[in-house]
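Open the model in your viewer and get ready to pick out a few side chains.

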Amino acid sequence: MKAVPKITIFSCIFCYFAGLWMIASRFGLVKLVSKYGLTAAFTQIPKDFPQMKYLYMGMAAYTVLFVLLSILIVRFTNKASKEQEALQRESAKVASLEESMNVLVSRYGRSQAKDGKVMAELQTLTRKVSSLPPAVVRNAGMNSEVENIIQTLQDMLADKCTAEAFSAAIREAQDAVDSIKRRSRIITQ
């Protein structure tokens, strides 16, 4: 996202010189330069050419307005770029939580106490964790709750608990993830 502000700045510079060209051609500076040449255009300006004073005032006013507008555009672009980067970091964190759940699912699939119903519940929980909004990551408390849920399930699987106990823990985890999702919507509204 670092290229976006640079592109904006180069676009502003191009537009500035294009605008100067339009102002200069409107006031007849292009005709003077083509008639007298670049070096002699300003020394041999005819006395009956009163538009030079207005040309200078127009260019000065245009420059001031363009600088102010460019500053606003660049600030807005930088702000949007930073927000996009923050959102990408938060989405990456949610993806890492999802990956932790995928590891848990694969570990359960390789375990001895494998049960189809429990596997389906675990996959449902994985989908719920992966659909969490990035606002969950912004809130440290909610983020740690989700991490604790995943860690608890991993510990239970490592301790070789029964399928019924693991299923009950998964249902509790689903309720907790649903609660976190509802609370994150309340916070962001």
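Start by selecting Asp 178 and Lys 128: these two form a salt bridge, with their closest N and O atoms 3.0 Å apart. Colour the helices and you will see that the pair links distant parts of the chain, since Asp 178 sits in helix 7 (residues 163-188) and Lys 128 in helix 4 (residues 116-130), 50 residues apart. Asp 178 is partly exposed, its relative accessible area being 23%. Keep in mind as you look around that this is a predicted model.

Stay with helix 7 and select Arg 183 together with Glu 145. Their side chains meet in a salt bridge at 2.9 Å, N to O. Arg 183 belongs to helix 7 and Glu 145 to helix 6, so this pair ties together parts that are 38 residues apart in sequence. Both ends can be found partly exposed: Arg 183 has a relative accessible area of 31%, and Glu 145 has 30%.

Now move along helix 6 (residues 140-158) to Glu 147. Its salt-bridge partner is Lys 93, and the closest N and O atoms are 2.8 Å apart. Because Lys 93 lies in helix 3 and Glu 147 in helix 6, the pair ties together parts that are 54 residues apart in sequence. Lys 93 is partly exposed at 27% relative accessibility, and Glu 147 is partly exposed at 32%. In total, the structure holds 4 salt bridges.

Next come the rings. There are 4 aromatic pairs in the model. Select Tyr 16 and Tyr 62: the ring centres are 5.6 Å apart and the planes are at 15 degrees, so this pair is stacked. Tyr 16 is in helix 1 (residues 3-26) and Tyr 62 in helix 3 (residues 51-110), so the pair ties together parts 46 residues apart in sequence. Are these two tyrosines, Tyr 16 and Tyr 62, buried or exposed? Both Tyr 16 and Tyr 62 are buried.

Phe 66 is buried, with 15% relative accessible area.

Ile 9 is placed in helix 1 and is partly exposed at 38% relative accessibility.

How values were computed
Residues are numbered from 1 along each chain as its sequence is written. This is a predicted model: local features need pLDDT of at least 70, side-chain atom pairs count only at pLDDT 80 or more; totals for chains, interfaces and linings use all residues. Side-chain values use heavy atoms; hydrogens and water are left out. Rings of Phe, Tyr and Trp (its six-membered ring) pair if their centres lie within 6.5 Å; planes under 30 degrees apart count as stacked, over 60 as edge-to-face and the rest as tilted. Helices (H or I, at least four residues) and strands (E, at least two) are DSSP runs, numbered from the N terminus. Buried means under 20% relative accessible area, exposed over 50%, partly exposed in between (1.4 Å probe, protein chains only).
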